[in-house]
Amino acid sequence: MKEWIKFALLAAVFLLFYFAPVSGPAAVTSLAAGLALLQEYARLHVLTCLVPAFFIAGSIAVYVKKDAVLKLLGPTAKKIIAYPVATVSGGILAVCSCTILPLFTGIYKRGAGIGPAAAFLFTGPAINVTAILLTGSVLGWDFAIGRLVAAMVISILAGLFLAFVFREHDKKNSNSDFVAGMSNDLPYSNITIALFLLLQLGVLVVFGLALEPALKGAVVALLIAAVLVIVLVKFQKEHTLEWIRETWDLMKKILPYLFVGVFVAGTIEVIVPQAFITRLVGENTLLSNAIASTFGAFMYFATLTEVPIIQKLMALGMGRGPALTLFLTGNALSLPSMIVLFRVMGKKQAAAYILTIMILSAFAGILFGELL
Amino acid sequence: MTIKVLGPGCINCRTLERRTREALTELNLQADVLKVEDLDGIVSYGILRTPGLVIDEKVVFQGGVPPVLKIKELIAKAAGGKMS
């Protein structure tokens, strides 16, 4: 399967260069637009949003206690606890997409069952901390919060629906070694960890505020100093190194793709005719949200690249409703992930999951477009 | 001794595999290092957060990439336990 994907990609690139009108003015303006958007991100979002966001994601990966959270998704967990925990745990347990599927399979086959597993699968990539923070920084905090809340509500609805439809397949799991191995939780108090995370979040928030530069600089410096005090006084050196390594790993994994995505998004603004986008997804109708939902379901966005692409589609006239829909399905589904889902969940369950997500996302988009 | 690295094949799992081999070289120990990449295989060990490290069919670590020093300790402990 992997080989044919590689081949298809190479063939697509080949065809692009074979037919692209490189000598025309369109080529020059689109290149310039791509570079301009890259500069915008480099100047406005990298230092003030992405760098703190990666440090926060690294802190969550290293310091936040996860075994305790996982126990709440075990086979003996009460449903009323398992669903909300599954919904928010995506942001804590899985920062990289490759950790999501093993976790999902574990919860589905050995833990709390298909409902919470599906809820986790949907919000896992959608409530990724870096993605929410970048969305807020680029498109505004109403969008970031809309995206977060819609993802959480949809995941619970979709999970409950699937658990109901497939209640017979959802056989009782044995409550044996759900969390095998040793506990990796670090020996720090919850208050210390919460303070550590909040201070870092503070850096990012203060950067975003419209303050006088001198005041802003002073507050940010104070917050960073406080973070450093916690690191030096409270944390062991070994764990601090782990935190820096994790942050660096995330940057290495995500940033190259993001920069390519930003460039592509910049060129979209020139290449794609505005009338086309306005006609297709300009209004907040059922049809336009359905189009956005379907497009997002099949399209693969590398982590964070959905932000510049949706930003530019909106600049071309995409409505707020369809934009939110695209955020929701664009993150949760893609053609490769659908193929894996069919293999792991079985045909019926996978089809039901995908359709439920697409329909609920479209309605969330309509609602968002109408209300906000 | 058989050591298995469980993980679907992203950067963390590969790092863990590399460090495990390093740890073995530093300890001067011989062991088969296998990679388990299919989901059912991973889940059958009761692993939830990848990558996971399994020594002689026993999960010794999951959900992170420990430093070489830590892996050496884990391997030494497993080896020592078997001898006594």
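User: How are α4(A) and α8(A) oriented to each other?
Analyst: In this predicted model, the axes of helix α4 (residues 79–93) of chain A and helix α8 (residues 141–165) of chain A come within 10 Å and cross at roughly 135°. Axes are lines fitted to C-alpha atoms, for helices over the stretch in contact, and angles run from 0 to 180 degrees between N-to-C directions. Angles under 35 degrees count as roughly parallel, over 145 as roughly antiparallel, 65 to 115 as roughly perpendicular and the rest as oblique. The orientation of α4(A) and α8(A) is therefore oblique.

User: Residues are numbered from 1 along each chain as its sequence is written, with chains lettered from A and ligands numbered from 1 in the order in which they are written. Because the model is predicted, local features need pLDDT of at least 70 and side-chain atom pairs count only at pLDDT 80 or more, while totals for chains, interfaces and linings use all residues. Which residues of α8(A) make the contact with α4(A)?
Analyst: Residues are in contact if their C-beta atoms, placed from the backbone, lie within 7 Å. On the side of α4(A), the contact is made by A:Y83, A:A86 and A:T87. On the side of α8(A), it is made by A:M152, A:S155, A:I156 and A:G159.

User: How many residues of the contact of α9(A) with α10(A) are charged?
Analyst: The axes of helix α9 (residues 190–208) of chain A and helix α10 (residues 213–233) of chain A come within 9 Å and cross at roughly 160°, and the two helices are therefore roughly antiparallel. Among the residues that meet are A:L195, A:F196 and A:L199 in α9(A) and A:K216, A:V219 and A:L223 in α10(A). Ala, Val, Leu, Ile, Met, Phe, Trp, Tyr, Cys and Pro count as nonpolar, Asp, Glu, Lys and Arg as charged, and the others, Gly among them, as polar. On that scheme the contact of α9(A) with α10(A) holds 13 nonpolar residues and 3 polar ones, and the number of charged residues is 1.

User: Which strands of chain B stand at the edges of the sheet, each with a single partner strand?
Analyst: Helices (H or I, at least four residues) and strands (E, at least two) are DSSP runs, numbered from the N terminus, and two strands pair if DSSP finds at least two bridges between them. In chain B, an open sheet of 4 strands with mixed pairing has the order β2-β1-β3-β4. One side of each edge strand is left without a neighbour in the sheet, so the strands in question are β2 (32–36) and β4 of chain B.

User: Which residue in β4(B) stands opposite B:G52?
Analyst: Strand β3 (residues 52–55) of chain B pairs over 4 bridges with strand β1 (residues 2–6) of chain B in the antiparallel sense. In β3(B), B:G52 is the bridge partner of B:L6. β3(B) also pairs in the antiparallel sense, over 4 bridges, with strand β4 (residues 58–62) of chain B, where the residue opposite B:G52 is B:Q62.

User: Is B:E57 buried or exposed?
Analyst: B:E57 lies in the loop between β3 and β4 of chain B, and has a positive phi of about 65° although it is not a glycine. A residue is buried if 20 or more other C-beta atoms lie within 10 Å of its own, exposed if 12 or fewer, and partly exposed in between, with C-beta atoms placed from the backbone. Because B:E57 has 8 other C-beta atoms within 10 Å, it is exposed.

Notes. Contact = placed C-beta atoms within 7 Å.
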